[in-house]
Amino acid sequence: MAEGQFIRRALDSLRDGSEPVSEKQIDDLYEKLNRDVNRFMSLEIGEAKMEYLNKDAFFGFIDNVAINKIVFLFLSDMDKRFGLFRDLADRMELFRGVVNEMMGSKEVVYQAPGEKFSFLAEGGGRHRKMVSSGSFGPLSVVDKGTGREIPLGLLSSGEKHLMVMIGNVVFEKSARDGSIILLDEPEISLHPEWQTILSKSLRKISEINKCHMLLATHSPIIVDDDWDSEVDLRSLR
């Protein structure tokens, strides 16, 4: 079905009287997709490979109007499909950047496809645990010095709390586009230095997700220099 639709659209593009497509336009779009695929592979997103974007497979034929239009249509379709992966890549890099800034001698890495993952929390209080599920490859934490993988269960309570909280606000689809996210005492188990970084990171996530965050906190470090947004609940009594 998809192949038939592409053929029909390709034929329509040859009859629409539009401007010819230059080799430079094709080359620029190809290079953009090539950068995307390399980025996706570094994050272990799906099974993005370049075999279907083999430049030599079609660039030798780019010497007439018809072939140029068909090749450009094919690459344009791929560019649209990559939109979803670009958004995911942005969020994976944001999550990794925020967490790694706080983890010191440890860092988050995305490894080869295998067990799936997402960021969920089961249970409550001391019994809360991280649960793996999802579709974009496993997340691991490694020692920066040795490269040795550190099981998630051996992370400190603060590190686990950080990964669950940041993972949920970064990846949760309902936490976007005008949503209001409520965070109760996000500073729990976090070193004061981490709290400073967390405050700035949550503002960044809020801007990217186009959402609002309402934090209940006892920590002036979390408030940082944004006292104009602070509401003392005692004043509401």
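Visitor: What makes Phe-85 partly exposed?
Guide: Phe-85 has a relative accessible area of 28%. Buried means under 20%, exposed over 50%, and partly exposed lies in between (1.4 Å probe, protein chains only). So 28% makes Phe-85 partly exposed. This is a predicted model: local features need pLDDT of at least 70, side-chain atom pairs count only at pLDDT 80 or more, and totals for chains, interfaces and linings use all residues. Residues are numbered from 1 along each chain as its sequence is written, and side-chain values use heavy atoms, with hydrogens and water left out.

Visitor: Why is the pair of Phe-82 and Phe-85 called edge-to-face?
Guide: Their ring centres are 6.4 Å apart and their planes stand at 70 degrees. Rings of Phe, Tyr and Trp (its six-membered ring) pair if their centres lie within 6.5 Å; planes under 30 degrees apart are stacked, over 60 edge-to-face, the rest tilted. So the pair is edge-to-face. Both residues lie in helix H4, three residues apart, about one turn of the helix.

Visitor: How do you know whether Phe-82 is buried or exposed?
Guide: Its relative accessible area is 5%, so Phe-82 is buried. Phe-40, at 1%, also counts as buried.

Visitor: What links Phe-40, Phe-82 and Phe-85 into a cluster?
Guide: Ring pairs do. The structure holds four aromatic pairs. In one of them, Phe-40 and Phe-85 have ring centres 5.6 Å apart and planes at 55 degrees, so this pair is tilted.

Note on methods. Helices (H or I, at least four residues) and strands (E, at least two) are DSSP runs, numbered from the N terminus.
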